[in-house]
Structure formats: C-alpha cells, structure tokens
Amino acid sequence: MTVIQRHIVVVCFGTPAISGDSLGPAVGSILRADKSFPAFVYGTLDRPVTGKNMTEWMDFVRGAHSDALLLAVDACLGDADNLGRISIRSDGVCPAAVGGKKKRFGDVGIIAVVGDRAGDALTELMQANALYVSELARKVADLIKSAVEGLRFSPADF
C-alpha cells in the first residue's frame, strides 16, 4: 500500500452546457457529493471550470495547493471505436484543446472519449448522448475514488 504525503486536488474541466463536455463537471459533482472523499475538488455542474475561466482557476489551484498532487479530468474526442475509453496520463490533460488551447494542467490526467474526432469537434461534443456521458462520468468518478481510497493517508494530511 502506498502512503501519500501530499494532498490530492481533483480539477474537472468542462461545461454542463454541452453534453459531451459535461463529463468533467459531472465527475466533480459526484466526487464533491461524497463527503468521505478525501480530496479537494474543483469543477462541478454548478461551478464548472470552463475554457472561459480555466486560466484563473488553474492559477488559483496552483497557488492555493502548491504542494498537492494535481489530478485533472476532461472529456476528449477519439477514434469511433474507442468511444467510452478511459485513459490515465502521466502528464495531465490539455483542457480546451478543442478550442485551440494547448496548455497542459495536472500531474496526472484522466480523459474519457465521448465522441469521434473525425467529425467537427464542437458538433461531436454537442451531439454526445447525455445519458451515456453521465454513465461514463460515474465510471470515472468510481475509478478516482478507488484509486484515492487505495492510498493510505496520515492524519496530518487533513
């Protein structure tokens, strides 16, 4: 079992206004609703971290949690045969990549494929099945909970 010496901060990117891009805020809301989840969570359905405000949020998180392990969550587009695939990256995520922004965030990234990258990116995100994205968000949240619960925290961490 691993002993974690750093706080964990989960930052979930996306907007609930677009079904495919709502994955991140849905994950954030699921995690935030679990009062026993031992990590800070930013980016929920009622307070999303979007392409419009993400720079301010990223600066805030880096400043407020300078020694934390940053876990970033985002939806992505991929090959049609990878729809629903969840990937873990060791270099964070590139939120708002669809909009042309290429700045990475996080020590660890979790991305889930919600649409086909062969089509128009915004159309794919807008036409994503909301129920499917919601179910995928539950899977991502469960994955994060399992990973975090598998770590042993010292009482001084909280």
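This is a predicted model: local features need pLDDT of at least 70, side-chain atom pairs count only at pLDDT 80 or more; totals for chains, interfaces and linings use all residues.
**Close-up 1. Helix α1, residues 23-33, is largely enclosed by the rest of the structure.** Leu23, Gly24, Pro25, Ala26 and Val27 are buried, and so are Gly28, Ile30 and Leu31. What do the buried residues of α1 pack against? Their packing partners are the strands β2 (8-12), β3 (40-42), β4 (69-78) and β6 (108-116), plus helix α4 (130-149).

**Close-up 2. Here we zoom in on Gly28, a residue of helix α1.** Gly28 counts as buried because its relative accessibility is 0%, and the cut-off for buried is under 20%. Setting aside neighbours within four places in sequence, Gly28 touches Cys12, Val41, Gly43 and Thr44. Look for Tyr42 too: it sits 14 residues from Gly28 along the chain, with 6.6 Å between the two C-alpha atoms.

**Close-up 3. Strand β4 is mostly covered, with 10 of its 10 residues buried.** Leu69, Leu71, Val73, Ala75 and Leu77 point one way from the strand. Leu70, Ala72, Asp74, Cys76 and Gly78 point the other way, and both sets are buried.

**Close-up 4. Strand β4 pairs with β2 and with β6.** How many bridges link β4 and β6? There are 8, again in the parallel sense. On this side, Leu77 has Gly115 of β6 as its bridge partner.

Definitions and conventions:
Residues are numbered from 1 along each chain as its sequence is written. Side-chain values use heavy atoms; hydrogens and water are left out. Buried means under 20% relative accessible area, exposed over 50%, partly exposed in between (1.4 Å probe, protein chains only). Helices (H or I, at least four residues) and strands (E, at least two) are DSSP runs, numbered from the N terminus. Contact means heavy atoms within 4.5 Å. Two strands pair if DSSP finds at least two bridges between them.
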